[in-house]
Amino acid sequence: LSMQWQADVFGTIYLRSKAQKKLFMATEEEYNAVMVSLTANVATTYLSLRQALAEMQVIRWNAESQRGIMEIVQSRFDSGLASKLDVAQSRSVYYSTLAQIPAMQAFIDGYRDAMAVLLGTYPQELDGWLQEGYALPDYNAPIGVGIPAELLRRRPDIRAAERQVEANAALLGATKRDWFPQLLLSGTLGFASGEMKTLFRSKSLTWEIAPTIKWNIYGGNDRVNATREARATLDQSILSFNNTLLTALQEVESAMSLYKNSIAQIVSLREAVNQNRETLALSLELYKQGLTEFQNVLDAQRNLLSYQNYLVQAHGSSLMYLVKLYEALGGGW
């Protein structure tokens, strides 16, 4: 039985072990980054589905409103108070709104299928999961971003890049220590005898412990090149870390700006929708009294549908910007 133990006098083994641990930790952070991205994709797809459902609700509400106005115009036409043109225009607006329903349903089905893929299930299992009438989450509270240094503790990709730097720094130190001698302790234990019957007796026991110093004085340029390669790898990982940090700061600033401005856009669009509702009501009342043309009602109908859709889209985009902001901040905090 023989064995050999190397005394880590200059820390070479320690540094290589440390490098492997840091690489393992970097791999764990890469996994965490993938999970953050996956969670953001699930949230974005979910909000896209909710937005499509809200847009469908807007279309159906406007179609119902336009059907009521169409009936009013038809009644006025039957009474001789409106022209055939008014009837045709009211029907045109109504059926053009109805024509948007199949296309929107296709978007809803597509988002549902995408959601099923992200959740690892079949689309049929999500049937009835979300119904029309579900409003988009109303969230416009301020987000505490914190100081930029906190990104080092939040974002997995930054932590992974930092672990890569630490691993490469340890490997560089290990290559430098390869120049130093190695201290080895060798030991053997066994039995030796000239006769079989006395082989395993205590007097036949043999053992030896011997220290050995091994020092490779000259090895060509192998160790020089290994150190140069390790230094270049470390420099590259430092540049990668700096680039990852700058990208993270840029993503946070961009997401914060988009979210903040989307809130201001929603406020203006809500007021525009309210004014268009009032415009439609007033123009319809004046039309029924014979004080204005039906074209004003048509314009009000089209504008109300458009601005309601703009409001839903802006609301959905705002929530997606919020998800993007949480993702940029590292998620899970």
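These entries record what I looked up on aromatic rings and charged side chains in this predicted model.

**Basis.** I worked from a predicted model in which local features need pLDDT of at least 70 and side-chain atom pairs count only at pLDDT 80 or more, while totals for chains, interfaces and linings use all residues. Residues are numbered from 1 along each chain as its sequence is written, and side-chain values use heavy atoms, with hydrogens and water left out.

**Aromatic pairs.** The classes refer to relative accessible area: buried is under 20%, exposed over 50%, and partly exposed in between (1.4 Å probe, protein chains only).

**Charges over rings.** I found Arg76 over the face of Tyr287, at 4.7 Å from the ring centre. I also found Arg223 over the face of Trp179, at 4.7 Å from the ring centre. The criterion is NZ of Lys or CZ of Arg within 6 Å of the ring centre and within 35 degrees of the ring normal.

**Salt bridges.** My search of the whole structure gave 13 salt bridges, each defined as a side-chain nitrogen of Lys or Arg within 4 Å of a carboxyl oxygen of Asp or Glu.

I examined Glu251 and Arg155, whose side chains meet at 2.9 Å, N to O. Helices are DSSP runs (H or I, at least four residues), numbered from the N terminus. Arg155 is buried at 6% relative accessible area, whereas Glu251 is partly exposed at 32%.

Next I turned to helix H7 (residues 294-328), where Arg302 and Asp299 lie 3 residues apart, about one turn of the helix. Their salt bridge is 3.8 Å, N to O. Arg302 is partly exposed at 41% relative accessibility, and Asp299 is partly exposed at 32%.

Helix H7 also holds Lys324 and Glu327, 3 residues apart. I recorded 3.7 Å, N to O, for their salt bridge; Glu327 is partly exposed at 23% relative accessibility.

Finally, I noted a network of salt bridges that links Lys22, Glu162, Arg163 and Glu166.

Notes:
Helices (H or I, at least four residues) and strands (E, at least two) are DSSP runs, numbered from the N terminus.
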